[in-house]
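Trainee: Please take a close look at one part of the surface, and then connect it to the strands and aromatic rings elsewhere in the chain.

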Amino acid sequence: MPPIPSSLHIFHPCLNHYLKPNFFSLGYFSISAPKFPLSSQLIPINPRTLSSVANALSPSENGSGGGGDRSSALAGPLVLENSVQKIDVNPPKGTRDFPPEEMRLRNWLFHNFREVSRLTGFEEVDYPVLESEALFIRKAGEEIRDQLYCFEDRGNRRVALRPELTPSLARLVIQKGKSLSLPLKWFAIGQCWRYERMTRGRRREHYQWNMDIIGVPEVTAEAELISSIVTFFKKIGISASDVGFKVNSRKVLQEILRSYSISENLFAKVCVIIDKIEKIPIDEIKKELKSVGMPQEAVNELLEVLSVKSLSELEEILGGAGEAIAELKQLFSLAEKFGYSEWIQFDASVVRGLAYYTGIVFEGFDRAGKLRAICGGGRYDRLLSTFGGDDLPACGFGFGDAVIIELLKEKGILPELVPQIENIVCALDHDLQGAAATVATMLREKGQSVDLVLESKPLKWVFKRAARINAQRLILVGNTEWKKGMVSVKILSSGEQSEIKLDELE
């Protein structure tokens, strides 16, 4: 007898845990009913044991049971009387369901993301949720490596659910190569996954709005991106008194490291440490900086610079000749022209945790200080070369869906979104169900939304249904009217009612 395959591994975030999906069918086997009476108590079932037995009974892993059709799924499960156990009806920890009321809110948010992107001339793109693991560990930073949902697929390839969108953007730009006409102004709204500690506004899956500009080396690109976010905030009722942007340049940090002859190889590690400055005590920051090889004197100066909150003060410390100072001055000047000066402020402690940023970086923050960063981004001019491509000047931002919803709740301006149906159509007699279907089809073909009552219901129920879905009018199909080629139409907001010929119904 061949060995029984190992049981299905439970999906687990990275750190050498693997997932090899096995799809099995019991439809090929005839299992006779047990000849002994079953206990009235629940029979405990070990999922791993059940998985192993199912795998032992299944066809080969390569799909000899019929490819991707339904027969390759669990076709004939063995169900023992009184053995069914209730499942946990909650979604996996850190994830969400989207029932209609939540889906309306998500659609509203995504509509505003898309509308702002349209207003600023960006085109929408998307990428696979599942990518090569190497795409994210080559240049993302240690924190994301530890948070990856990754596994080995059936082809022995290391893959991961995307934790962010920018590496996928870089991959697509390299793939398209010289066929692309620069500059690119692309945006995406995609689901991302990170196995991390959950706090308010932070989940293990979230949707993210990204806007990226590829091929523009000037600071005008960063200014355009921040302007887009400000436009979005204004559209949803958020003002500069609610939200601000902290702005810095990683070149400030590079200049400090260079003055102490510290290797460029330490740059990414130092950025990851500094990104924790508001999350862990300053003594821990000092310890971590020293542990990666920074001398005490350099640590002291770095921390002094990180406390600076104005460009003039930074200029006194570093001098005004550096590239970082010049670019930051230009950004603040452009902010005046775009009309969002009151939204931005200099903050030397902002470096962003992702390793690929190279220049100006920025973060949107809640001025009340109750929430984590709302959004963030910056310049990443040297990302493409880490994947073997030719570097292009580039910058972009990521904006999560969870924190902004928390902010709207906090401000009490979360929109009240209700269903909007133009018509509810009801047959007054069971024999007229077909006639009601004809009316519904005719209106739908004219582009109107119709909720067709699919079973015989009393009028009291129909009116309650109409109120619940916010129908604009009620169309009743009755025997007398239908024989005359007419229907009864009631405008629900005014109560006005009339009979209308079917061919005049708009």
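Mentor: A nonpolar patch on the surface is formed by Leu428, Leu459 and Phe463, with about 250 Å² of accessible area together. The model is predicted, so local features need pLDDT of at least 70 and side-chain atom pairs count only at pLDDT 80 or more, while totals for chains, interfaces and linings use all residues. Residues are numbered from 1 along each chain as its sequence is written, and side-chain values use heavy atoms, with hydrogens and water left out.

Patches take residues with over 30% relative accessible area and no salt bridge, joining like charges within 9 Å and nonpolar side chains (Val, Leu, Ile, Met, Phe, Trp, Tyr) within 5 Å. A salt bridge is a side-chain nitrogen of Lys or Arg within 4 Å of a carboxyl oxygen of Asp or Glu. Areas follow the Shrake-Rupley method with a 1.4 Å probe, and for residues only the protein chains shown count as cover.

Phe463 belongs to helix α15, residues 459-468. Helices (H or I, at least four residues) and strands (E, at least two) are DSSP runs, numbered from the N terminus. Because its relative accessible area is 34%, Phe463 is partly exposed; buried means under 20%, exposed over 50%, and partly exposed in between.

Elsewhere, Phe113 is buried, at 0% relative accessibility, and Trp209 is likewise buried, at 0%. The whole structure holds 19 aromatic pairs. Phe113 and Trp209 are stacked, because their ring centres lie 4.6 Å apart and their planes meet at 20°. This pair links distant parts of the chain, 96 residues apart: Phe113 in helix α2 (residues 100-119) and Trp209 in strand β6 (residues 205-214). Rings of Phe, Tyr and Trp (its six-membered ring) pair if their centres lie within 6.5 Å; planes under 30 degrees apart count as stacked, over 60 as edge-to-face and the rest as tilted. Ring pairs also build a cluster, with Phe113, Trp209, Tyr207 and Trp343 among its members.

As for the strands, an open sheet of three has the order β2-β4-β3, with antiparallel pairing. Its edge strands, β2 (130-132) and β3 (149-152), each pair on one side only. Two strands pair if DSSP finds at least two bridges between them. Three bridges connect β2 with β4 (residues 158-161), and Glu131 stands opposite Ala160 in β4.

Strands β15 (residues 486-491) and β16 (residues 497-501) run antiparallel, joined by five bridges. Val489 has Ser498 in β16 as its bridge partner. These strands form a hairpin with five residues between them, and Gly495 in the turn has a positive phi of about 85°.

Notes: Buried < 20%, exposed > 50% of the residue type's maximum accessible area, 1.4 Å probe, protein only.
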